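Have the structure open as you read.

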Amino acid sequence: MRYMITYDLMEATRNTNQWMGASALALASYPIFSMIPNPALNWMAAWGEVTERTFQRMVVKPDWGIRTFTCKDGKDHLVNIETVVERSFGDLIHFKVTGREPSPRKVLLVAPMSGHYATLLRSTVKSLLVDCEVYVTDWHNARDIPVSAGKFDIEDYTLYLVDFMRELGPDTHVIAVCQPAPLTLAATAYLAEQDPEAQPRSLTLIGGPIDPDATPTDVTDFGHRVTMGQLEETMIQRVGFKYPGVGRMVYPGLLQLASFMSMNTERHASAFTDQILRVARGEASEHDAHNRFYDEYLAVMDMPAEFYLSTVERIFKEREIARNVFVVDGHQVDIGKITDVAVKTVEGAKDDISAPGQCIAALDLCTGLPDSKKASHVEPDAGHYGIFAGKSWRNNIRPLVLDFIDANSGTGRKQAANKNVAAE
């Protein structure tokens, strides 16, 4: 129960700060105080507004905010988000542009389960909607999943991806961003052995830790500095009484957010101080740059404890993917069995989370894949976020990924299968 109490204590602290911000804003906004102008009251109201919004956003799932899309016909078409596969820990969703002919490029965008919601890839989805039918893995917040739903570790995650790929069929092009890159590679190899006809046509891995030891960073080397016992003792708590997942063991989103913020404390402190001053001067707005960024950055989700712990132990400590000894549901996956799926890796030269060398290691593991189906790209001057959502993605990486998709969208695999059938 002590873990549940700790979880509720964190939530109570967040709730208190939200209340203090709202109270300060309401108190400083009373009309009677306007009779005697006082800059301190303006600052108090500004502090309250920023504080309330900040702590409220920590427990709100952001909206995708993709409502319309301008097609080649010059008209705005509505974008409907449809659930294709519904599961306890995550859904497969489709961004359907109504009134537009389905695009021949079918893309499965595998979002990370690393503290933030899939909406972190909003700008990536928008950029791909122009030319693709976009499907996204929409992972659920573990605090909202009842204990009766069972466990969810990296093997379960991999099997979810296998099912999603099977649902979309062999004409799919998969793009995995950051954390899911190793497991997406494993899911593709699993299909290559178990269900070759369901394999995607191409696999693009962006900034993922395929081999964390290839070029260690502070983030990827974290697993070597602590024991699993220390991690379980300090990071894992039980969901409190406020949420449907009460009693579930999780790595709390608020605890993750504290870690995120501590990595760049001075920069975040400066950003919030500047925002308070802008609000006090009347220069801020509901959707200014600060709010757009922090509304997303502060929205965190709890991760299932077994998923977090198995990720650290098996991906980072034991390097099961890097050593090609990963086991899924009792079956050892052999990445060398991938012979048909074109694989491309994308890395950022200034990525301080998954440094260059970690992701390209995937190509060495694909021993059964001809060099003609392998590709890699290192984006100069790009950090981790920039390689999938920033200027580098929009101007350089996205066109390269689309070219890679087009180059591997032929019917070669089907023709070869037909020839084999005819020969028999």
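This is a predicted model: local features need pLDDT of at least 70, side-chain atom pairs count only at pLDDT 80 or more; totals for chains, interfaces and linings use all residues.

Residues are numbered from 1 along each chain as its sequence is written, and side-chain values use heavy atoms, with hydrogens and water left out.

**The cores**

Let's begin with the greasy part. A nonpolar core here is a set of buried Ala, Val, Leu, Ile, Met, Phe, Trp, Tyr and Cys residues joined through side-chain atoms within 4.5 Å. Buried means under 20% relative accessible area, exposed over 50%, and partly exposed in between, using a 1.4 Å probe and protein chains only. The largest such core has 99 residues, and the members that touch the most others are Phe 95, Val 136, Trp 139, Leu 185 and Leu 205. Its largest share, nine residues, is supplied by helix 5 (residues 181-194). Helices (H or I, at least four residues) and strands (E, at least two) are DSSP runs, numbered from the N terminus.

Take Val 136 as an example. Contact means heavy atoms within 4.5 Å, and if you skip residues up to four places away in sequence, Val 136 still touches Trp 64, Asp 91, Leu 92, Ile 93, Phe 95, Leu 109, Ala 111, Ala 118 and Val 125. There's also a second, separate core of 13 residues, with Met 58, Leu 257, Ala 271 and Ile 276 among them. In soluble globular proteins, nonpolar side chains tend to be buried together.

**A pocket and a cavity**

On a 1 Å grid over the protein atoms alone, a cavity is a set of points where a 1.4 Å probe fits but cannot get out, and a pocket is an open set with protein on both sides within 12 Å along at least five of seven lines; lining residues have an atom within 4 Å of a point. Grid points are joined across faces, edges and corners, and a volume is the space filled by probe spheres set on the points. In the classes below, Ala, Val, Leu, Ile, Met, Phe, Trp, Tyr, Cys and Pro count as nonpolar, Asp, Glu, Lys and Arg as charged, and the others, Gly among them, as polar.

| Space | Volume | Lining by class |
|---|---|---|
| Second largest pocket | about 280 Å³ | 11 nonpolar, four polar, one charged residue |
| Largest cavity | about 90 Å³ | eight nonpolar, one polar, three charged residues |

Which residues lie nearest the centre of the second largest pocket? They are Asn 17, Thr 54, Phe 55, Met 58 and Leu 257, out of 16 in the lining. Helix 1 (2-28), helix 2 (39-57), helix 8 (253-263) and helix 9 (265-280) each give two or more residues to that lining, and helix 2 has the largest share, with five.

As for cavities, the count comes to one of 30 Å³ or more. Its lining includes Tyr 7, Glu 11, Met 58, Arg 143, Tyr 243 and Asp 302. Helix 1 and helix 8 each give two or more lining residues, and helix 1 provides the largest share, three.

Thr 54 sits in helix 2 and counts as buried because its relative accessibility is 11%. Ignoring residues up to four places away in sequence, Thr 54 touches Phe 272 and Leu 298. Thr 54 and Phe 272 are 218 residues apart in sequence, yet 9.4 Å apart in space, C-alpha to C-alpha.

Over in helix 9 you'll find Gln 275, which is buried at 2% relative accessibility. Its side chain makes a polar contact with that of Arg 278 (2.8 Å). A polar contact is a pair of N or O atoms within 3.5 Å; within protein, one must be able to donate a hydrogen and the other to accept it, and residues adjacent in sequence count only if both atoms are side-chain atoms. Beyond four places in sequence, Gln 275 is in contact with Val 50, Ala 284, Asp 288, His 290 and Asn 291.

**Helix 11 and beyond**

Helix 11 (residues 305-317) is mostly covered, with 10 of its 13 residues buried. Arg 319 follows helix 11 and has a positive phi, near 55 degrees. Asn 324, in the loop between helix 11 and strand 11 (327-328), has a positive phi near 60 degrees and is buried at 19% relative accessibility.
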